[in-house]
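My notes follow in the order in which I went through them.

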Amino acid sequence: MYRSEGNKARRNIKRIRYWRNFRQWMLRGILLAVCVVMAAPLFMLTVYSLMGRQEVLETCGAVLADSGDQIRMRFFPIYPTLRAYIRLLLDSPEYFTAFWNSMIQTTGVLAGQFLVAVPAAWAFAQFRFPGKRILWLLYMLLMILPFQVTMVSGYLVLNAAGLMDTRAAVVLPGIFSTLPIFILQKTFAGIPGEIIEAAQIDGAGSLRIFLGIGIPLGMPGIFSILILGFLEYWNAIEQPMTYLKTQALQPLSLYLPQMVNQEIAAAFAASIVTLLPAVMIFFCGQDNLEQGIMASGSEFGQVHSLRQ
Amino acid sequence: MRRQQRKILRRKWTPILQSRDLKGYLFLAPSLLGTGGFVLIPFLDVLRRSFLQAVGNGFVGLENYKMVLSNTAFRLAATNTVRFMAICLPMLMLLSLFLAVLVREVTGINRWVKTGFLLPMAIPAASVVVFFQLIFDEKGWLGRIIEIFGGAGRDWLASDSAFWVLAACYIWKNLGYDMILWLAGLGAIPEEQYEAAKVQGAGGWACFRYITLPQLKETIFVTGLLSFVNAFRVFREAYLLAGDYPHESIYMLQHLFNNWFVNLDIQKMTAAAVMLVILAGGILSIVLGALTRT
């Protein structure tokens with residue numbers, strides 16, 4: 001009697017364990033399937049970038065070049081070749097002009113954001129000052145407004161300053177975006193008060209505390225806004241489209257789509273080279289990026305700072 | 001490491017440098033100068049111009065506003081934008097929350113899953129647009145697949161389904177970001193609370209309703225806000241896929257402003273911008289008010 005009870009219990013445990021295992025594998029399967037869908041564009045672009053001109057025309061000429069009547073899907077190129085990349089490298093100087101335009105525009109914005117947004121986020125996280133509530137509200141409002149709404153204001157200033165159609169027209173407004181401040185504020189607000197108190201007792205001034213404690217401890221958050229900023233401005237379309245007219249100043253995000261129509265053989269390789277810097281930065285900084293996003297998603301912060 | 005981090009994150013928000021002086025402004029100054037110069041002060045000019053005539057500088061009162069509100073293009077664009085927000089925002093948030101819950105249950109592959117989900121964020125619109133063309137063109141993959149099953153393909157971007165193409169783009173791009181936000185919010189809720197509730201006989205729904213939801217309030221706000229901000233950015237995909245004048249189901253306020261800008265229709269732009277700022281400010285303060293009161 002006693003023994004059979006024990007057996008029963010053991011069998012139950014086994015069944016529970018089996019069920020758990022099954023569930024685990026089901027969940028893994030679902031998540032990995034979604035992952036495959038998410039990563040499919042990158043995979044397919046890579047595959048097509050390794051095709052020769054003939055094969056690209058054969059498989060997707062129907063859509064991209066009005067030749068052939070059917071599109072085909074291939075998961076591996078039949079004749080893999082790097083010719084598209086070589087062609088891109090050797091005979092498309094415009095592409096590289098656009099590449100450098102993107103680089104200059106993005107690094108300009110990031111450098112500026114580092115100098116402007118980091119101290120501003122520190123001010124919102126660690127200081128009390130008159131007008132703070134209303135300013136925070138204003139910054140949030142500026143953050144949620146789409147570019148097209150603030151575009152008119154920007155245009156009026158840039159036009160008056162004679163900056164239209166220069167690189168500064170894209171870079172300057174980008175520097176003062178309030179989104180990084182919003183994201184970084186929470187990282188700074190999460191720094192334990194004891195550390196700052198201790199530094200104050202040791203006689204450190206507010207600038208020293210900011211440079212010596214705030215910046216080193218807020219590094220994950222700072223990295224994360226820089227990575228997010230890179231992804232955002234590497235991908236910027238609205239700003240250069242409205243503020244730049246000169247072809248030679250256009251960034252990749254605008255040049256690439258034009259190129260697809262002219263030269264479909266190199267288009268996929270060009271797409272891959274375009275996304276390479278962004279994807280590489282993403283992979284290098286993924287941990288920081290996650291930490292930074294997580295800090296902005298956790299409790300206490302934006303709403304609490306309004307309550308003060 | 002993770003525990004320590006969680007401890008830091010859970011700490012209540014306390015400004016330490018509490019002197020009620022203007023020192024904060026020293027740190028804020030560069031940013032304030034820039035936003036003042038590029039947005040706030042010119043906005044006053046925008047406000048002024050919204051009451052003026054296009055030619056000459058006569059004061060016309062609310063004439064420009066009336067013109068915008070009765071403009072069919074504006075009505076169409078506003079309706080589409082609201083529709084996109086009302087449908088896609090909840091869809092994205094629920095889907096990402098669901099996935100975050102799943103990811104928390106799973107062991108062993110979390111890192112892979114997070115990488116896979118976040119990856120679309122890094123892919124520029126310009127690169128991925130070719131891929132979307134291959135799928136959604138009249139002769140594209142989607143059409144082919146449907147043909148195989150006996151249906152007929154169509155140009156998805158030139159019909160009402162363009163809306164759903166855009167919705168798919170938006171969700172594809174932002175799913176990972178939102179999921180990470182949810183993971184942060186869910187991770188900050190102490191496990192003990194669930195255990196205590198379960199001991200007292202609370203079911204799954206009760207746990208969610210009385211433990212998870214109240215403590216997730218701010219995460220919901222932040223996720224909603226950032227998803228809202230990112231929703232305006234689908235304009236990039238929409239523009240690259242379908243140009244200045246896409247199918248009317250995806251003709252958004254962004255397209256409209258862009259076309260007004262090209263035609264230098266400053267009067268309409270200024271009036272519409274003022275209205276949108278007031279609307280956004282109103283909604284934001286209502287939401288924040290509700291959040292701070294409770």
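I began with the accessible surface of chain B, which comes to about 13800 Å², with 64% of that belonging to carbon and sulfur atoms (Shrake-Rupley method, 1.4 Å probe). The model is predicted, so local features need pLDDT of at least 70 and side-chain atom pairs count only at pLDDT 80 or more, while totals for chains, interfaces and linings use all residues. I kept in mind that residues are numbered from 1 along each chain as its sequence is written, and that side-chain values use heavy atoms, leaving out hydrogens and water.

I then noted that 53% of the 294 residues of chain B count as buried, that is, under 20% relative accessible area.

For the fold, I found 14 helices and zero strands in chain B, where helices are DSSP runs of H or I of at least four residues and strands are E runs of at least two.

Next I looked at helix α5 (residues 110-122) and helix α8 (residues 162-187) of chain B, which pack at an angle of about 130 degrees with their axes 6 Å apart; the axes are lines fitted to C-alpha atoms over the stretch in contact, and angles run from 0 to 180 degrees between N-to-C directions.

I listed the residues that meet, among them B:F117 and B:L118 in α5(B), and B:W172 and B:I180 in α8(B), with contact meaning heavy atoms within 4.5 Å.

Definitions and conventions:
Chains are lettered from A and ligands numbered from 1 in the order in which they are written. Buried means under 20% relative accessible area, exposed over 50%, partly exposed in between (1.4 Å probe, protein chains only).
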